[in-house]
Each structure stands twice: as structure tokens, then as C-alpha cells.
Amino acid sequence: MQKVSINSECGKASMSNGCCNVGACKLQKRASCPCAASKIAFTSLPNGLTMNNNNNSKELQCTSCHCSDETDKAVSRVSNKATSSEAEAEDDNILCHKRAIESFASASVAEKRKMILDLCQQLVLTDEQNKELCHRILHEIKNGLAKETHKKADVKCFVTYVQDLPNGKERGKFLALDLGGTNFRVLLIHLKEEHDFQMESRIYAIPEHIMIGSGKQLFDHIAECLCNFVTEHEVKYERLPLGFTFSFPLKQLGLTKGLLVTWTKGFNCEGVINEDVVQLLKDAIARRGDIKIDVCAILNDTTGTLMSCAWKNPSCKIGLIVGTGSNACYVEQVKECEMFDGDTHGKPHVVINTEWGAFGNNGSLNFVRTEFDEEIDRHSINPGQQIFEKMISGMYMGELVRLIMVKMVQAGVLFKGHSSDVLMTRGQFFTKYVSEIEADEPDTYSNCHMVLEELGLTEVTDDDCANVRYICECVSKRAAHLVSCGIATLINKMNEPHVTVGVDGSVYRFHPKFHSLMVEKIAQIVKPGLTFELMLSEDGSGRGAALVAAVASREDNILSEIELNSAVAKQA
């Protein structure tokens, strides 16, 4: 491996064809420095090369352009030389960059591993950082709950008006409507004895012309499909309660009232924004006049996850989604919820939908964000929004890994500097690849080789695979630890002796280590004496919606019975 001599003045290093070799420079950001390699970023270099840290940006520095002199005279010498012939300067830049890549490509396995370890160190959260994260998450949650700070809060902590959890004694037939994309589901769930249930469902498409048509067209289409479903399952003439999972931004004003904030996912139906979507569905059902369905609750998939798990496990008080996106809900004391508007019926608790994906929008996560997180955000469809979610969820995890890999390839550390068109294309390293690569047994890389082959990378060594797997592990472990900080904060805030967390989402469900990473980290953070368990949810957006309807019906029956008894007592 070629060695480069470095000293504190950086003025004695060798020049070759007008271009400096790769080394260290105090002024690596000088525009006049012609060294293309100064754009490559590392924290540790082989054989004595050094680097400079500046605002979390790790950059190699030019050794021989004399730009480290205390005056700008040396910089001017290089600048004048570069501008004397633009073509020559460009050739020098290319040559210098190639030499840098060749130097790193010929580094030893241990040296390359050290470079990977050092670059990924910024993804490793320290105990102090985890402690600070928990403090900031709690602060944001309190801001969302308080009336004075709610409007400006990033973590909104919306009141769901779900005040009762399943007790396992719910019985009967219930419908669920799950609307969240270009298809929607209708489910019929028959709750029986001892947590036994029977479920039938069907998926219906929403034609594109309806997705961009009027709100009346959309809800008439849904009502027609509901009619077809109950007719097919021979319950058309039964009056059934329905839980409505609506996975679009919603301002909830009650258990059966929610205003659409904005359309997403390709929908743009006229006349729905700022309207009560429950009422729009009820109106569509009423226009038909041939089915008997009571829409008795609206919810999101996080609340559904909590309800689905609570039906089997009464200690479930937190719902968590770690999939394409990330969110959490939890059971809070009503007295803490200043945004609760309406009659609490004397009930002490309510489910809060945190919408924690927006945590960090105000900059509170900047102390743990990396250059890769910033690049993800810059190229997203919503820059500056959903910062926490972008560091966790399946929509972005694979892209984070790809960005780190690209940096290492361009430096010659991975694959001898050879890339592929697929690897260089945004969004083409899927999050499922992270799970597949980490599923390999220790010291075996069959999955990794297959993934890299899909990316068009064929000349790959086991050492390359080991480094790629380490990158994947750092990204997924950080995601698990960030989620764990959030869950531990909720557990500590609730301060109950034992809490079960219902979890759903593709990342948690399919990543081979996510569960164990979370269990280990949460256990380190929760208060002494508090215990917890993580429980995989089963169809929160479907079965959970039906259970919300079941609980709402149960409570309505209880209230009706109380009112009836009260009326009889007055007559007597």
C-alpha cells in the first residue's frame, strides 16, 4: 500500500502531474483545491492518512496543494495553475480521484473494515444519546397533549375518543371497513367464546376515475361494495355495527366524527377535505336504503393494532406500527388530555394517537441525524416532515443502506470501486434486502450474494458481503433503538407495573432481529420495577376495527340500559 507523508503544515507532501496525493488538509473546503478526492468522506484512513471532522461531514483532505498555509498565497498559486488550463485541471482531478480509489481498493481487508466501522459509527447511538432522546420525546408528547402548545407541537397526540378496551367478552357479528389505498377491504367478524372468532373478508378495487372524482362517487362505490358483501355473506337483513379504519390524515372530533385533513396516496376526491368522512359514509348507505349498517367508530391502524392485541391480552396498553411508516398510540389518563372535547362519561382513560413520525420536524433530532438522513430528506416528497419516521420505517431503511454503500463504492472500499446502474439508482435497494441479508447465518453470505447479484454486482467477495451486512445491521439497529426510546418513554410515562405492546408492520414482522433488538434496548431504558412484553398483532386494521365497533356497541348497550333503568325509576 502506498504511503503518503503527512506533517502539520501539509506543505511537504509530494505532487504528481499537478495534482496532490490523498492526505490531510486544514482547508479541505477551499474551492481552489483541485483534488477531487477531497470530496470523499471517511473517519479513518489506511497507513497513516488522516481526515477532518466538520459538522458531522467526514472529508479527506488534500496534501500537496499547499492550501494549508497560514496565508492564502499558496491557495492562489494552486488556483492560478488550475485556471491556466481548465482541461488540464479537469484531467488532474480525474487522475487524482482514480488514484484515491486505487489506494483504497488495494487496502487490506482489515483497513477496509476499519473504514466501514468508522463511517457507520455515526449510526450507533450512545447511552447518553438514548437518554436525551427519551427526554425530548417526552417533552414533545406533553406539548401535543397540552392545549396551549398543541397547535405548534410536532407530535400531535390526537385524542381518539376510544375510552374502552376489549375485555374478551365481546360476542356477535361485526363489520370492518379498511380504507387506505387503491384497494379497500370489507370484513365480517363473528366473535365467539374464549377468544375464538371467525373472519371472512374481501378486497375491492377503487377505479382511478373514482379516486379523482367526487366524494359522492367514492362513498357511493364503497356503499355498493358493502351491500354486495353483506348480501354475499347472507347478513343483509341484520343490523350490524361497523368499525371504519381510515388511513388518511384525519382530525378526529369524536369516536364517530373525523374531518379529512388532506388526501394522499393518489386520491383527490372533490368535496371531502374538511368534511366528516363518517357522515359521508352514513349518507351513502342511507341513499341506498337497502342495507342496515351502523358506523359506530372511526380509527387508524395503530389504534386497531392496540385493540386487536388487547382482545387477547388485557395488559396491552400500547399499539405500535413499524412498517412502511411508523406510529404509536397508548392509553393516557383523561386528566392529562387537555384537547379532549366532550363528555368523558366519567371514564378515566382514553387512547392517544401520538403521530410520532413527525418527531424531529423542529430540529430536535439533529443531534443524531447523519449526512445520509439529510440526503434522504432532501430527496423525499415531503422535505422537513416526518423526520423520525424517515430514520425508522421501511420506506427509507433500504435507501439509507444504499447511500452508505454508494459512498464506500465511490471510495473504492467496496467491490474494488465497481458499481452498477441499479445500485446507483435511488430506491432500488429495497428494505426487504436488509432483512434478507441479516437473515444469513454468521460467516455465511448466501443471501447477501444473491441480493448483490440482483443489483448487478457480480465480482463480490465474502469480505465485501461482511461489510455490507455490517452496514445493514447498523441501520436496522439504529431504527430499532429509536423506536425503543419512544416505547420506553411511553411505558415510563404510564408508570404501570406491566404493559404489553401490540406491534404490527412489515419491518417488525419480517426483520429477523428487530424484536430482540427492541426487547434488549427497552429493558435498559424503562424504570426499575416496570415490566413489558412485545406482542405481534394480527390484522389490526381489520380485526381491530371490528373490535372497536364491538366495544362501542357494548358501551352503547350499557348506557342505554342505564338510561332505561333511570327512566323506569323516575316513573316509579
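**Reading a core and a sheet**

User: Leaving aside neighbours within four places in sequence, which residues is M405 in contact with?

Analyst: Contact means heavy atoms within 4.5 Å. By that rule M405 touches L414, F415, L423, F429, L452, V468 and I471. This is a predicted model, where local features need pLDDT of at least 70 and side-chain atom pairs pLDDT 80 or more, while totals for chains, interfaces and linings use all residues. Residues are numbered from 1 along each chain as its sequence is written, and side-chain values use heavy atoms, without hydrogens and water.

User: Which residues of the largest nonpolar core touch the most other members?

Analyst: In soluble globular proteins, nonpolar side chains tend to be buried together. A nonpolar core is a set of buried Ala, Val, Leu, Ile, Met, Phe, Trp, Tyr and Cys residues joined through side-chain atoms within 4.5 Å; buried means under 20% relative accessible area, exposed over 50%, partly exposed in between (1.4 Å probe, protein chains only). Here the largest core has 118 residues, and L320, M405, F415, F429, L452, I487 and M518 touch the most other members. Helix α15 (residues 462–494) gives the largest share, 18 residues; helices (H or I, at least four residues) and strands (E, at least two) are DSSP runs, numbered from the N terminus.

User: Why does this core lie between domain 1 and domain 2?

Analyst: Both domain 1 (105–160 + 312–538) and domain 2 (170–299) contribute residues to this core, so it lies between them. The bounds come from an automatic or database domain assignment.

User: What is the strand order in the open sheet?

Analyst: The 5 strands run β9-β8-β7-β10-β13, with mixed pairing; two strands pair if DSSP finds at least two bridges between them.
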